[in-house]
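Let's take a walk through this model together, stopping at a few places worth a look. Keep the viewer open as you read, and turn to each spot as we reach it.

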Amino acid sequence: MLTKTMMQKIQDLKLQGYAEREIAEQLAKAGEKVPSKPTIRKYYRMDIVPENPGAHLVKDKAFDTEPFRSTIIEVLRNNENNKSLCISSVYDVLEEKYIDSGEFNELPGNQQTLRNYVRHLRESGIIEAEAKSTRIYDYVPDTPPGEQMLLDFGQQRIGGGIVIHFLCMLLRYSRYLLVYAQDHVFSAEEACQALYRGFSRLGGRPMVLVIDQDSVFVTDETYGEIVRTRVFEDFCTEQELKLWVCRKADPESKGPIENAVGFVKKNFFSARDFSTLDEVLRSLPGWCDRKNRRIHQTTYCVPDVLFREHEQKALQPPVPSLYENSPASFRSVELSGIPYIHYRTNKYSVPRSHAFGKVYYKAVSSYLYVYDDSYALLCRHAISECHGRVIRLPEHKKEPATDWISIAERLRDKWNCYDFQHFINGVKKENPRYLKEQLSAIEEFLDRENVDRATVAAAMKHACEKYRYTYKQFKTVFSLVKSGQLSDNTYQASNVQKQDLKVYADAFRARMVQ
């Protein structure tokens, strides 16, 4: 049936004096699609264009009879909040209620007839129309080069019934695209291996991964608290990656990668007749290279140019991974009592807890990475260009002994006083290498003497005033206090010689004359 506009054009040409046979020629000159001769004749001979030309074509609503009408309306109203309600499910309800029960032999129409009737109910207002989304969107500003990489999975069925599963990686700044495919669903380990191949292909790592709440990466999410899978957690720790996890059922938050998945399906798979996975794997890398050299319709720039000129140098340096394809590239070494690795002409420290054990190491770029026997990262050294150096990280230094602490606490329980902590600090400073031995000797001495707390407090007071912090010095001070010979006016240290300053002045002048 013609549109009302075309009917009016035929009527206008008629009023302008054109004969019926000239109407087709005039429409063709105006660039219009020319109707058939019977159609032109029909509307040429009308006096006016009808208000509702298709009124006589409207079919009766097959389901607009009882009891079907009331049942359909009831089902739709009971499921107003169910956006995933299928009309085929409504049709199945009608079959169960009226056909299986034997009340009717058949329904008055098929599923498409029911869909048309449901559309009529909503358009006429009998059933409330589905609420349209009122969410307001805005453009997401691009991040700096090298900051974000977006990830998403897709699948496509090819010849022979084979389903190809692929992982898309997209750098947000340059829109540089990488795609890796296989013939089964990605596991967490396979996804990490594909990610590491992508990092190796790019020559570096992004700072942040933008991912969906896919079970490969995320096991649970509660009020924004993300629980990652064990494998993916280890990979992120190893590669020092941060995560940006999108909300559930919110594809708009990662629109660029959603578009990339659709682009792979439409541009790569739609025009190619694949029958095996091998054909896909042979064609996919070349396709990615060609598409990265085209002008992107969002940025109006060439992704490959933006990547090489700006983003590649902004990526973080590569880090070796347990998920690479050649784990044999890790070198093992058996450590002795000296926890250091010999690499070239230098020695690099390893945590002391791994002495007499086995570790693995690998040099990547300008760094040396050290792993334990389970391939967990232990430390990282910057490779020195000097020769014959011993390079030790601060955290690998020998921890100071703490066995003296228990002795000091026992002394505090027995002889605590006002000057006790001052005295212990003095012993620590005076005897850093033999702190345990000094405190043990002081403890044994005081236990043998069997004196009261006041005497010990007085001895510690005088020891702090005269800076007497070794065992022998404290023993002397304690003996003088106990015997009553020590006072602030009379006490002089026995090993300190006192002379008048004139003696030193005369010696200095004599030395200068000589």
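Let's begin at a single serine. Setting aside residues up to four places away in sequence, Ser-349 touches Pro-339, Tyr-340, Cys-379, His-381, Ile-391, Arg-392, Leu-393 and His-396. Please keep in mind that this is a predicted model. Is Ser-349 buried or exposed? Its relative accessible area is 1%, and buried means under 20%, so Ser-349 counts as buried.

Ser-349 sits in strand E10, which gives us a way into the sheet around it. This is an open sheet of three strands, in the order E9-E10-E14 and with mixed pairing. Strand E9 (340-343) and strand E14 (390-391) are its edges, each pairing on one side only. Strand E10 (residues 346-349) runs parallel to E14, and two bridges join them.

Arg-344 is not a glycine, yet its phi is positive, at about 55 degrees. Most residues other than glycine have a negative phi, and most peptide bonds are trans. Arg-344 has a relative accessible area of 68%, and exposed means over 50%, so this residue counts as exposed.

You will find Glu-240 in the loop between helix H8 (230-239) and strand E7 (242-245). With a relative accessible area of 42%, Glu-240 is partly exposed.

Strand E7 now takes us to another set of paired strands. E7 pairs with E4 in the parallel sense over four bridges, while E1 and E4 pair in the parallel sense over three bridges. Val-210 is a handy residue for tracing both pairings. Leu-150 stands opposite Val-210 in E4, and in E7 the bridge partner of Val-210 is Trp-244. What about the faces of strand E4 (residues 208-211)? Both are covered: Val-208 and Val-210 are buried on one side, and Leu-209 and Ile-211 are buried on the other.

Which residues line the largest cavity? They are Leu-151, Asp-152, Phe-153, Ile-211, Asp-212, Asp-214 and Phe-217. Strand E1 (residues 148-157) gives the largest share of this lining, with three residues. Sorted by class, the lining has four nonpolar, no polar and three charged residues.

Next, let's turn to a cysteine in a helix. Cys-192 has its place in helix H7 (residues 188-202). Its relative accessible area is 1%, so Cys-192 falls under the 20% limit for buried residues. Leaving aside neighbours within four places in sequence, Cys-192 is in contact with Val-231, Phe-232, Phe-235 and Tyr-323.

Glu-66 and Pro-67 are joined by a cis peptide bond, with omega about 5 degrees. Pro-67 lies in the loop between helix H3 (37-44) and H4. Moving on into helix H4 (residues 68-78), the buried residues are Phe-68, Thr-71, Ile-72, Ile-73, Val-75 and Leu-76. An α-helix has 3.6 residues a turn, so residues three or four places apart point the same way. The cover over the buried residues of H4 includes helix H5 (87-99) and helix H6 (111-123).

Finally, let's step back to the whole chain. The protein chain has 17 helices and 14 strands, and 37% of its 514 residues count as buried. Among contacts between residues at least 6 apart in sequence, 59% join residues at least 24 apart. The accessible surface of the protein chain comes to about 32000 Å², with 49% of that belonging to carbon and sulfur atoms.

Terms used
Residues numbered from 1 in each chain as written. Predicted model: local features only at pLDDT ≥ 70, side-chain atom pairs only at ≥ 80, totals over all residues. Heavy atoms only, no water. Buried < 20%, exposed > 50% of the residue type's maximum accessible area, 1.4 Å probe, protein only. Contact = heavy atoms within 4.5 Å. 1 Å grid on protein atoms, 1.4 Å probe; cavity = no way out; pocket = protein on both sides within 12 Å on 5 of 7 lines; lining within 4 Å. Nonpolar A, V, L, I, M, F, W, Y, C, P; charged D, E, K, R; others polar. Pairing = 2+ DSSP bridges. Areas by Shrake-Rupley, 256 points an atom, 1.4 Å probe, with all protein chains shown as cover.
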